[in-house]
Amino acid sequence: WQTFGVEKAVLALDMSGFSLTVRRDGILAYLQRIRRMQQVSLPLVPAHGGEVVKCEADNLMLVFNSGLQAVQAALAIRNACHAIGQEVSIGLDYGHILYIPESDCYGDAVNLAYKLGEDLARGGEILITAAIRQALPPGAFSLKEEHFSISGLDLHVWRIL
């Protein structure tokens, strides 16, 4: 924790439609979609003060110093992906994590961001935790409160509208 422990916002992105697209169009078509998503998304990360931790399959893991930066990046990435016909689902959390730059990160905030982005958010949706919500200026974003129970967790989150 002394060497790699940091307070960060974690953004977990998952592309929508993997199974259907691969069955319909084949794996090469989906790999092209992944590459295109990365081409439009990755330049937006440093532009919003973030860092790319890793790209694996159709997922991105990104970190930011603040929840506001993470939400602004999530909106920009979602809009850029939508513009190329690719829907993504995004989960955001903030907390104390182990961060190994450009390699990986670990911790509850990472796990929760992935749970939101991969399992709960639908295509085009951004889900945030209370820790992210608290970092946002009051009234700056339109939010809808949601409750989920998954994997033994009772989650109180907000969907950015």
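**Figure 1. Glutamate 56 in strand 2.** Glutamate 56 belongs to strand 2, which spans residues 50–56. The model shown here and in the following views is predicted. With a relative accessibility of 46%, glutamate 56 is classed as partly exposed. Isoleucine 34 lies 22 residues from glutamate 56 along the chain, and the C-alpha atoms of the two residues are separated by 9.8 Å.

**Figure 2. Cysteine 55 and cysteine 81.** The structure contains 0 disulfides. Cysteine 55 takes part in no disulfide, and its nearest cysteine sulfur, which belongs to cysteine 81, is 12 Å away. Cysteine 81 is likewise in no disulfide, the nearest cysteine sulfur being that of cysteine 55 at 12 Å. A disulfide is a covalent bond that joins the sulfur atoms of two cysteines. For a pair to count as a disulfide, the two cysteine sulfur atoms must be within 2.5 Å. Cysteine 55 is partly exposed, at a relative accessible area of 32%, whereas cysteine 81 is buried, at 0%.

Figure 3. Strand 8 covers residues 153–160 and includes arginine 159. Is arginine 159 buried or exposed? Its relative accessibility is 8%, so arginine 159 counts as buried, the limit for this class being under 20%. When neighbours within four places in sequence are left aside, the residues in contact with arginine 159 include Arg122, Glu125, Ile126 and Leu127. Also among the contacts of arginine 159 are Ser142, Leu143, Lys144, Glu146 and Phe148. Alanine 140 stands 19 residues from arginine 159 in sequence, and the C-alpha atoms of these two residues are 14 Å apart in space.

**Figure 4. Histidine 156 in strand 8.** Histidine 156 is also located in strand 8. Its relative accessibility is 34%, and histidine 156 is therefore classed as partly exposed. Which residues does histidine 156 touch, not counting those up to four places away in sequence? They are Ala130, Glu145, Glu146 and His147. Between histidine 156 and serine 142, which are 14 residues apart in sequence, the distance from C-alpha to C-alpha is 16 Å.

Figure 5. The chain has 6 helices and 8 strands. In sequence order, these elements form the pattern β-α-α-α-β-β-α-β-β-α-β-α-β-β. The radius of gyration is 15 Å, close to the 15 Å given by the globule rule for 161 residues, so the chain is as compact as a globular protein of that length. Along the principal axes, the C-alpha atoms occupy a box of roughly 45 × 35 × 30 Å. Among contacts with a separation of 6 or more, 66% are between residues 24 or more positions apart.

Figure 6. Of the 161 residues, 46% count as buried. Cysteine 81 and arginine 159 are among the buried residues. The chain carries 13 positive and 17 negative side chains. The centres of these two sets of charges lie 7 Å apart.

How values were computed
Residues numbered from 1 in each chain as written. Predicted model: local features only at pLDDT ≥ 70, side-chain atom pairs only at ≥ 80, totals over all residues. Heavy atoms only, no water. Helix = DSSP H or I, 4+ residues; strand = E, 2+ residues; numbered from the N terminus. Rg over C-alpha atoms; globule rule 2.2 N^0.38 Å. Buried < 20%, exposed > 50% of the residue type's maximum accessible area, 1.4 Å probe, protein only. Contact = heavy atoms within 4.5 Å. Lys, Arg positive; Asp, Glu negative; His and termini not counted. Charge placed at Lys NZ, Arg CZ, Asp CG, Glu CD.
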